[in-house]
Amino acid sequence: MKKIINTPHAPAPIGPYNQAVLSGNTLYTSGQIAIDPETGMLVLEDIKSETTQVMNNLKAVLKAANMTFNDVIKSSIFISNMDDFALINDVYGSYFDDANAPARETVQVARLPKNVNVEISMIAVK
């Protein structure tokens, strides 16, 4: 059974998709970018604040599905510049306990939606 997860505490989708889909006990989040859900504006002051907004958006989606970062088993990180990897990793890592961190890949891409610098999606299991 498929259940659509949407919350006003994360940005509304900007296309034909939902913030997340819960199938059984597995949650698949759509990629989140640094849109502030309260203002609809991008948070692009620096890569750390941008990544923080992305992670806070994901936190809101997880919460809407009654999950936390402890339930995340896989993350996919897409970045526009691999030189930002260490700064993104610092912020990303602050949301996880190293002993319980999920599997992950980080990929540099040519371009992301709205010309942002980072997009992250997750899979979580309760």
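Lys74 is partly exposed, with a relative accessible area of 26%. Its salt-bridge partner is Glu105. This is a predicted model.

**Salt bridges**

- The structure contains two salt bridges.
- In one, the side chains of Lys74 and Glu105 come together at 2.7 Å, N to O.
- Lys74 sits in strand S4 and Glu105 in strand S5, so this pair ties together parts that are 31 residues apart in sequence.
- Glu105 is partly exposed, at a relative accessible area of 29%.
- Lys126 forms a salt bridge with Asp71, and their closest N and O atoms are 3.5 Å apart.
- That pair links distant parts of the chain: Lys126 is in the segment after strand S6 (118-125), while Asp71 is in the loop between H1 and S4, 55 residues apart.
- Is Lys126 buried or exposed? Lys126 is exposed, with a relative accessible area of 56%.
- Asp71, in contrast, is buried, with a relative accessible area of 14%.

**Aromatic pairs**

- Two numbers describe a pair of aromatic rings: the distance of the centres and the angle of the planes.
- A search of the whole structure turns up three aromatic pairs.
- One of them joins Phe69 and Tyr95 edge-to-face, with 5.3 Å from centre to centre and 65° between the planes.
- This pair links distant parts of the chain, 26 residues apart. Phe69 is in the loop between helix H1 (47-64) and strand S4 (72-79). Tyr95 is in the loop between helix H2 (85-93) and strand S5 (103-108).
- Phe69 is buried, with a relative accessible area of 9%. Tyr95 is partly exposed, at 21%.
- Phe69 also pairs with Phe96, again edge-to-face, at 5.3 Å centre to centre and 70° between the planes.
- Phe69 is in the loop between H1 and S4 and Phe96 in the loop between H2 and S5, so the pair ties together parts that are 27 residues apart in sequence.
- Both Phe69 and Phe96 are buried.
- Which residues do the ring pairs link into a cluster? They are Phe69, Tyr92, Tyr95 and Phe96.

**The nonpolar core**

- In soluble globular proteins, nonpolar side chains tend to be buried together.
- Here, the largest nonpolar core has 27 residues.
- The members that touch the most other members are Leu27, Met55, Leu62, Phe69, Val118, Ile120 and Met122.
- Strand S2 (20-23), H1, S4, H2 and S6 each supply at least two residues of this core.
- Which element gives the largest share? H1 does, with seven residues.
- Ile120 has contacts beyond its neighbours within four places in sequence. Among them are Val54, Met55, Leu58, Ile77 and Tyr92. Ser30, Gly31, Gln32 and Ser76 are also in contact with Ile120.

**Helix H2**

- Which residues of H2 are buried? They are Ile88, Val91 and Tyr92.
- Seen down the axis of H2, these buried residues fall within an arc of 100°, so they line one face of the helix.
- An α-helix has 3.6 residues a turn, so residues three or four places apart point the same way.
- The buried residues of H2 pack against H1, S4, S5 and S6.

Key: Residues numbered from 1 in each chain as written. Predicted model: local features only at pLDDT ≥ 70, side-chain atom pairs only at ≥ 80, totals over all residues. Heavy atoms only, no water. Phe/Tyr/Trp six-rings, centres within 6.5 Å; stacked < 30°, edge-to-face > 60°. Helix = DSSP H or I, 4+ residues; strand = E, 2+ residues; numbered from the N terminus. Buried < 20%, exposed > 50% of the residue type's maximum accessible area, 1.4 Å probe, protein only. Salt bridge = Lys/Arg side-chain N within 4 Å of Asp/Glu carboxyl O. Core = buried A, V, L, I, M, F, W, Y, C linked by side-chain atoms within 4.5 Å. Contact = heavy atoms within 4.5 Å. Arc of directions from axis to C-beta.
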